[in-house]
Amino acid sequence: MPITHTDCLIQGQPIPSDVLGELNETRWSAESGNQMRGRLAEDGYLLLRSVIGLDDVSAARQEVFERLVEVDEIKPPAIDGIATGTSRRAELVEDLGDFWQSVSEGPRLRGVSHGTRIESVMTAIFGEPARAHDYMFLRPSVVGRATRLHYDLPFFGRGSQRVLTVWTALGDVPVCDGSLVIVEGSHRFDDLIEPIRQIDYQSKDSPQVQMMDDAVEFSRQRQTRLLTADFRAGDLIVFTMTTLHGTLDNHSSIGRARLSCDVRWQPAADPIDPRYIGPNPAGTTGAGYGELNGAKPLTEDWHTR
Ligand SMILES: O=C(O)CCC(=O)C(=O)O
């Protein structure tokens, strides 16, 4: 079914039809590397359907949400992902960062996010062996939450110059649950991309990321559109460091938390940013998993990353 503009909310407003579009799908296979590279260069992203089998995605989803049931944030049955609106995480867990690291390193989740299916797709896209960053951004995103539009380059431009983000739907993510949004043609907005290439990657501070305040107004000014789609469990989207993206607002009528993860992949032969690899990755600021929004109780207010 085509998406409707009333289901696609951003910053509390339905996206007007003239600035709303659907993401293009790309067929994938281990042999279609050339075609995928062409589409990635053309569009700045690749929407790939059903890369992960449903059983594997369900096992990963169950594993993550069970941990959140334990801290009273998700109602049983865990697999449904319905938020309770409360949290006992802060009182039950000794260290929020350690807790989040253990959730992010669950074996079922890693079997999906760092498993052979995605690895083979990424190897085909790069045309050479691919490797993932160990550090993972796992995002249970409850009603009212969204990630504002931004580029990923300020975070991940320090090692390889060929890093790609892989955002995976860990369950169905219809547009009303806050699915991913790409700004059409934004990988060619040189006036915005050039300044972020100048970032000081030696700094330990979280980079100053330019957020687009009003996504609809921004799209109108640029004469472009906000592209999104209903994601199904096991779909993923690959995009470049210079593709402007964010998410829709989650306004699920049944209070379902959107569950997705995003991981960076790069050619294995390239230099790799040491902050994002190893048994205890430091993360962007050095605070490890504790710096992530996912490490905060689901009831806490936060914006963007
Ligand atoms: O899932 C989200 O909320 C944001 C995802 C994102 O910013 C990314 O994958 O780089």
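Predicted model: local features only at pLDDT ≥ 70, side-chain atom pairs only at ≥ 80, totals over all residues.
User: What makes M36, R39 and D43 in helix α1 count as buried?

Analyst: The test is 20 or more other C-beta atoms within 10 Å of a residue's own. In α1 (residues 33–43), M36, R39 and D43 are buried, so each of them passes that test. What covers them includes β4 (45–48) and α6 (116–126).

User: Why say that the buried residues of α1 line one face of the helix?

Analyst: Look down the axis of α1: the buried residues fall within an arc of 65 degrees, so one face is what they line. On the other side, N34, G38 and A41 are exposed. Just after the helix, G44 takes a positive phi of about 85 degrees.

User: How do you know that β8 and β9 pair?

Analyst: Pairing needs at least two bridges found by DSSP. Two bridges join β8 (residues 180–183) to β9 (residues 226–228), so the strands qualify, and they run antiparallel. I182 stands opposite L227 in β9.

User: Why are β3 and β11 called edge strands?

Analyst: The open sheet has the order β3-β9-β8-β11. Both β3 (20–22) and β11 (245–247) have a single partner strand, so one side of each lacks a neighbour in the sheet.

User: What makes W167 part of the shell around the ligand, and how is the shell split by class?

Analyst: W167 is among the residues surrounding the ligand, so its C-beta atom, placed from the backbone, lies within 6 Å of the ligand. By class, the shell has one nonpolar, six polar and three charged residues. Trp counts as nonpolar, so W167 is the nonpolar one.

How values were computed: Residues numbered from 1 in each chain as written. Helix = DSSP H or I, 4+ residues; strand = E, 2+ residues; numbered from the N terminus. Buried ≥ 20, exposed ≤ 12 C-beta atoms within 10 Å, placed from the backbone. Arc of directions from axis to C-beta. Contact = placed C-beta atoms within 7 Å.
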